[in-house]
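I opened the notebook to look up helix packing and the annotated site. The entries follow in the order I made them.

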Amino acid sequence: MPEPITFPADFLWGAATSAYQIEGAVREDGRTPSIWDTFSHTPGRTAGGDTGDVAVEHYHRYRDDVALMASLGLNAYRFSVSWSRVQPTGRGPAVQRGLDFYRRLVDELLARDIRPALTLYHWDLPQELEDAGGWPVRETAYRFAEYAGIVGEALGDRVSSWITLNEPWCSAFLGYGSGVHAPGRTDPAAALHAAHHLNLAHGLGTQALRAALPARAQVAVSLNSAVVRAVSDDPRDQDARRRIDNLANGVFHGPMLHGAYPEDLLADTARVTDWSCVREGDLAAAHQPLDALGLNYYTPSLVSAAPEGARSRRADGHGASDHSPWPGSDDVAFHQTPGERTEMGWTIDATGLHELIMRYAREAPGLPLYVTENGAAYDDKPDPEGRVHDPERIAYLHQHLAAVRRAIADGADVRGYYLWSLLDNFEWSYGYGKRFGAVYVDYETQVRTPKSSAHWYAGVASAGELPREYAAD
């Protein structure tokens with residue numbers, strides 16, 4: 001048999017979730033609506049009119065869920081805090097009942113030797129802040145910094161891994177550009193202003209965390225940086241790739257990692273905004289030293305220049321909308337990449353994960369990297385004995401973990417992998433129709449059943465090594 005692929009002994013084997021997707025209990029213990037409560041209760045916004053009102057009841061079942069993580073051999077768990085559960089209006093003092101839930105969750109994780117990784121913002125802005133203008137207005141960044149300090153003070157004695165924002169690209173461009181995510185606005189200039197204020201929020205939030213946390217704490221951000229490829233070497237297609245790469249990547253890693261927006265990004269979007277939202281000192285504030293960088297990856301993007309006079313195609317995998325999440329790029333066409341696809345219609349291409357990791361190993365030399373999300377949705381169903389067999393997901397994970405290990409061998413400092421997701425859950429505008437979990441959830445009974453991929457992943461995590469080959473049985 002071929003030798004297995006061994007990972008570093010201290011590699012973190014985790015799974016990830018987010019508050020609105022799993023917690024439920026949306027009206028309990030002082031929690032008020034977030035933009036996702038409002039969005040999901042608006043007719044036509046989510047598949048089947050699904051909401052996160054109940055989700056998978058993690059708020060009441062967290063002890064059982066942590067026990068399940070321990071049984072699967074996970075040594076890390078990435079979760080997010082519901083801002084409106086902690087600070088219902090998005091400003092002012094915290095509700096201690098909300099913080100107490102996260103205190104109990106963290107204590108349970110630590111008792112099971114599972115390292116908590118806390119994400120402060122996973123898309124659930126308090127509705128009152130959206131009513132005041134949301135991310136397109138500057139004040140929201142200051143409110144986020146206040147919130148970061150509150151949570152840091154409350155949990156800094158027991159949480160050592162902190163993430164400011166999850167996928168700010170989605171918050172800005174899907175929330176305010178194409179409108180397929182909450183709050184569902186479709187204003188290209190507002191999307192770019194939101195991106196800037198998310199950059200500012202990250203920087204101010206990092207400063208607030210540094211002031212509240214012990215020196216040993218690790219502060220990071222999770223970006224869904226895109227792997228953007230052109231359909232050809234034609235200069236027009238290569239320019240389309242450059243423009244989308246800046247809108248997907250440079251708009252965030254420019255300020256966060258380098259303290260500046262790419263000049264060509266500003267030129268490309270000059271017809272959309274004059275960027276007057278960027279004030280003196282903002283970029284220095286956004287450019288805070290980080291202890292790590294989180295990378296989320298699912299599938300690559302394939303682009304070209306749109307034919308002259310033709311309406312551009314947008315097979316970008318980010319939901320159906322008449323409005324584009326790519327400001328100033330109406331003449332860029334998106335194409336479905338070839339190959340096998342997941343239930344989301346996303347092409348499976350693990351080479352993209354290797355490419356992404358190596359890019360950031362060069363972009364931010366010396367900065368430890370974590371894969372903070374990676375996974376696949378499939379149409380999982382129990383068999384007559386109640387077992388859930390998902391060989392496609394095992395094959396997906398095998399390919400992508402092999403890509404991570406190859407990046408480590410190529411010199412990248414990758415220290416952990418968080419599978420998305422621990423549990424089947426509310427998949428945003430797709431409702432409950434897309435299952436990403438390693439654990440199957442019967443939404444009627446809330447019974448959890450680890451899929452075959454969960455058992456496979458547990459074996460990999462326990463051994464710290466990946467079989468060199470995978471064959472579905």
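Axes here are lines fitted to C-alpha atoms, for helices over the stretch in contact, and angles run from 0 to 180 degrees between N-to-C directions. Helices are DSSP runs (H or I, at least four residues), strands are runs of E (at least two), and both are numbered from the N terminus.

I noted the source first. This is a predicted model, where local features need pLDDT of at least 70, side-chain atom pairs count only at pLDDT 80 or more, and totals for chains, interfaces and linings use all residues. Residues are numbered from 1 along each chain as its sequence is written, and side-chain values use heavy atoms, without hydrogens and water.

Entry one: α13 and α14. I looked up helix α13 (residues 351-363) and helix α14 (residues 391-409); their axes come within 8 Å and cross at roughly 30 degrees. The two are therefore roughly parallel to each other (angles under 35 degrees count as that). I listed the contact (heavy atoms within 4.5 Å): Leu353, His354, Ile357 and Met358 of α13 meet His400, Ala403, Val404, Arg406 and Ala407 of α14.

Entry two: α7 and α9. Helix α7 (residues 139-155) packs on helix α9 (residues 188-212) at about 30 degrees, with the axes 8 Å apart. That makes α7 roughly parallel to α9. Residues of α7 in the contact include Ala141 and Tyr142, and those of α9 include His197 and Leu200.

Which residues does the UniProt annotation "active site" cover? The unreviewed entry gives Glu167 and Glu373, though such annotations may be inferred rather than shown by experiment. They are spread over 207 residues of sequence, yet the largest C-alpha distance is 10.1 Å. I found Glu167 in the loop between β5 (161-166) and α8 (168-178).

Definitions and conventions:
Parallel < 35°, antiparallel > 145°, perpendicular 65-115°, else oblique.
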